[in-house]
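Thanks for coming. Please have the structure open.

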Amino acid sequence: MERSRPSRQELIRQRRRAGFVGRRAEIENFRANFARDVTDPGQQFLFHVHGQAGVGKTSLIRQFEETAREQGAPTAYVDESAHTVPEAMAAVSRQLAAQGHPLKVFDKLLATYRERRHEAEAVAVAAQGPPGAGNADGDAQGGGPSPGSMIAAQAGLAALGLLPGVGAVTGALDARQMARGADRLRGLLSARLRNHDDVELVMEPVAALTPVFVRELGAVADEVPWLALFFDTYERTGPLLDTWLRDVLVSDRYGPLAPNVVVTLAGQTALDHRCWADHLDCVAELPLDAFTEAEARQYLATRDIVDERIVEVVLRLSGGLPVLVSTLAENRPRAAEAVDDPSDTAVERFLKWETDPVRREAALAAALPRSLDEDVFRTAVDPDAAGHFGWLCGLPFVTGRSGRRQYHEVVRTAMLRLQRRRSPQTWRARHRRLAEAARDRRRECADDNDPARPWGGERWVEQRLRETYHALCADPHAALDEALADVRDAAEYERPVVRRVAEGIRQAGEDADAPEVREWGERLIAACAEEGSGLAEVLTALLARPGLEVAEQARIHRLRGREYRLAEAWPQAFADLDRCLELTPRDAAALLDRGLTHRYMRCFDRAAEDYLRALEAAPDSVDAAAQLGEAYRLMGRFEEAVTAFDGVLARQPRHAFTLASRAVCLRRLGRHDEALAGLAHAIEINADYAWAMAERGATYRDTGQYALALAEFDRALEVNPAYVWAHARRGMTLRAMGRHEEALTALGRAAGLRPDDPWVKGERCRTWLEMKRYEEALAEADEALALAPDDAWARTARGLALSALGRCDEACAELTAALQLAPDSWRITAARGRTHLLAGRPAEALADFDHALAASGPNAVLLALKAGCLRRAGRFDAAHETLEAAHGALSAHVMVRYEAALLIGAREGVDAAGSVSAWQSLRSGGIVDGGGGGHEGDTYGLAGVAAAVAGVVSRCALGDWAGAEEETARLLDGAAWAAVAETELGIRDLARLPGANAERLEAVRDGLIRRMATAAGHLDLPG
């Protein structure tokens, strides 16, 4: 048999509804809204209740909750206890689950976020100067800002509301800087978290969590007639939730929101027009004012207070504010003398009819903490009141959940004012007692903290904030210095806490009526909110305080210099760090910071100077020694780097960063076995050390062990799927193996992860060149140059592509520009010489080949090209002498043999025995690459299409016209301009030899010229 009687909970709710008076119009409008169809233009999905403190907003919200439940709606309530957007979503999810509507997928993702965020915080602590993302030279541990510093910067910026999706938008940190910092942070987190989705979850928790949250809200909404969400104390949570809530409700950013979701906001102020201006037509405004006299009388009547004298006193003392009316009516006074007290203090309004002096004093003392649990209550009150916490929680002006309680703002403010004026000595004594208790609890938490991170634990931080607040209230002037030192310490050790410290200072100044303290708090909060400046403005405010000791000035300059470094504001960073070192010349931390700033600007020699000075000041500094070795490595001073790293390892043999960086130096010195051993040791220490894995892959690649190299790159990418350098080096290895399509795919992944990296685009361009797909190479080079106009390789690659396409004048201009950027590159000089040659400028070509040979040493390709220029000029002896320089293995190179055959023919005639023998050797003996200078895949095009040219020309020289026609057809099948042009030049050279069949050769040349005209798009060709 079903029970028809109501439950106890239902009876309680009925009593409360019966006792709630006033606001009838608001409640009826809210109830009527549920009767409308979601498609009805009059149906409202967003209500905004607003009015001054004590006007009854929270009480009305609770009535709205009951009304929504009566309509079959699950409800959730969020207030200022939610400090972040994820916490707000978690509060909604928790309450819906309690009502039988769990958001299971969201809860699972939220649990993952909390776990991964904890791991990310561990990374932030540990990562001080570890390897980073690649730089323009493909150095995975290059000179840019370290991921460790960037994760600290990101965390600090997020806490100060300066990250997209979390708060205000930065000013000085432009989009480019933010993107660069975010990319570095992603790389570091990827090495720790493995899964790309987990990295994004930590980097952008709101963006990752909200679509799932909205989707699951929709699933709940599909099962019920309505779903009602309430956000109270919105004057406090609005700055945090505004943008997110607006996007959830009125945009498609996070996916469609179910139409039967109704949201109510309640706060003291109007909605922020900067956020809501375009959507105010969607908001149903519900402004609240004090009770009318009729409403107040009605409320008192429900409490059986009808005596006119009592009613009049309540009306006078309350001013109609519902919270005061409720408090004064709580004990239902009966006698007129109970209200005949002449006191007009606000506290007397709240406690007028509480006759127990112990309880009255306990209620006053318990107002001193900003929030309290039973432990704090026992500390605040006198011993004989220690058992009254339960009674206190039942007072109408005390609210809270999960064991934490807070006084209503109006009530607490009045009680604080009364105690401060009534007995300053008692005020100070009670605050001191609360400060000492918080200090003792903080010390109990100290064992949970990393000694290097005193501000790292939440429990420690909470007790320190309590201690500072109460110390300021007890003695504002004496405690202010220590409170401001807390701001500085938080800025150094736990940057997200800075705003909380500042808010505590402001509130202590307000509550203790200490103008100097209040002004400091307001100044610091304003600095935190300053767009584009973040902690730098906070430190600027601290620095402006008169009377600072020299050591304190130096420390603040150092911290501000660090902030500017993290913001990549290099001049400001140097100015502060220089000033710090003027004040304290042997400050090792400042020297290390300035060294890092030089390093990130790629001024490695200056960085090394600072690291050496840091070691003089602090000889045992492992960080300074490791960074010195790193600076030497980045300067290419590998022997010195190894020595510096050896010093670090003598003190810390398991310093993985040092082991790996030392191994890279050994690789560059050609000591590959030692490098592999060092990298193996680093990976043994840190099994997820993706950078060391990728460097081991690079070592294998250097030794030609391509399969092992690929395996290491794959291993690194399994740890860190977003590791750009590993993707790129994997692509370069595949290219070296001749697997060009796979190489493009791998390099494409790198480009997708870092689309603004010219180095990656340059490597893709190199691959297109080797594939002889010159249009694609030209387009890739253009993209690289758009990002980095002074990139020598991108400029070279563009010239090579233009040359291959027959645009020789443009190509020479690009290669000349490249030489201005890299004047010592013999390969660029040789490539320009070859372009001059194809353009019919042999003198310029000869000059370039001479310069290139002077820099490169013996090189078969260059010797053959130079000999050809000399031969065409009739300088046969000089040409012969040049070819003689190609001795040993170089003499077997196809281009040397080809040029030797032409030189014999020029001297003896094409039909001479020596000439015929040389041509037969080329045709039937196979084409041998005897070493052309060690270039990979002939990217620079120096060897050109030597085999194809020799194949066609040798057959023509021997009169094998059918074979020549077959080779020519094979050559013309999709060949680029340069390939055809080199063959045409070879036929032209052959036609000039004594005894050559000029008529047949001209026919062959004519076909080549036509094809060149088609490939180049013009007929202006060398004759």
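Start with α23 and α24, whose axes come within 7 Å and cross at roughly 150°. Axes here are lines fitted to C-alpha atoms, for helices over the stretch in contact, and angles run from 0 to 180 degrees between N-to-C directions. Helices (H or I, at least four residues) and strands (E, at least two) are DSSP runs, numbered from the N terminus.

Before going on, the ground rules. This is a predicted model, in which local features need pLDDT of at least 70 and side-chain atom pairs count only at pLDDT 80 or more, while totals for chains, interfaces and linings use all residues. Residues are numbered from 1 along each chain as its sequence is written, and side-chain values use heavy atoms, with hydrogens and water left out.

Back to the pair. α23 and α24 are therefore roughly antiparallel to each other. The cut-offs for that word: angles under 35 degrees count as roughly parallel, over 145 as roughly antiparallel, 65 to 115 as roughly perpendicular and the rest as oblique. The crossing of α23 and α24 is left-handed, meaning that the near helix is turned anticlockwise from the far one by less than a right angle; clockwise would be right-handed.

Which residues make the contact? On α23 they are V498, R499, A502, E503, I505, R506, A508, G509 and E510, and on α24 they are V517, R518, W520, G521, E522, L524, I525, C528 and A529. Contact means heavy atoms within 4.5 Å. By class, the residues of the contact of α23 with α24 are ten nonpolar, two polar and six charged. Ala, Val, Leu, Ile, Met, Phe, Trp, Tyr, Cys and Pro count as nonpolar, Asp, Glu, Lys and Arg as charged, and the others, Gly among them, as polar.

The loop between α23 (498-511) and α24 (515-529) holds D513. D513 is not a glycine, yet has a positive phi of about 55°. For background, most residues other than glycine have a negative phi. Buried means under 20% relative accessible area, exposed over 50%, and partly exposed in between (1.4 Å probe, protein chains only).

T233 is another non-glycine residue with a positive phi, near 45°. T233 sits in the loop between β3 (227-231) and α10 (234-250). T233 counts as buried, because its relative accessibility is 15%.

The axes of α37 (residues 740-753) and α38 (residues 758-770) come within 9 Å and cross at roughly 165°. α37 and α38 are therefore roughly antiparallel to each other, and α37 passes α38 in a left-handed crossing. From α37 the contact takes H740, A743, L744, L747, G748, A750 and A751, and from α38 it takes V760, E763, R764, T767, W768 and E770. These divide into seven nonpolar, three polar and three charged residues.

E780 belongs to helix α39 (residues 774-787). Not counting residues up to four places away in sequence, E780 touches K761, R764, C765 and W768. E780 is buried, at a relative accessible area of 8%.

R412, in helix α19 (residues 409-422), is buried, with a relative accessible area of 8%. What does R412 touch? Leaving out residues up to four places away in sequence, R412 touches A367, L368, P369, R370, Y407, Y469, Q507 and D511. R412 and L368 are 44 residues apart in sequence, and their C-alpha atoms are 7.9 Å apart in space.

G636 lies in the loop between α30 (622-634) and α31 (638-651). G636 is partly exposed, at a relative accessible area of 38%. Its C-alpha and that of R668, 32 residues apart along the chain, are separated by 8.5 Å.

One more helix: α14 (residues 322-329) is mostly covered, with eight of its eight residues buried. They are P322, V323, L324, V325, S326, T327, L328 and A329.

Finally, the whole chain. It has 51 helices and seven strands. Buried residues make up 56% of its 1023 residues. Of the contacts between residues at least 6 apart in sequence, 64% join residues at least 24 apart. The accessible surface comes to about 43200 Å², and 49% of it belongs to carbon and sulfur atoms. Those areas come from the Shrake-Rupley method with a 1.4 Å probe; for residues, only the protein chains shown count as cover.
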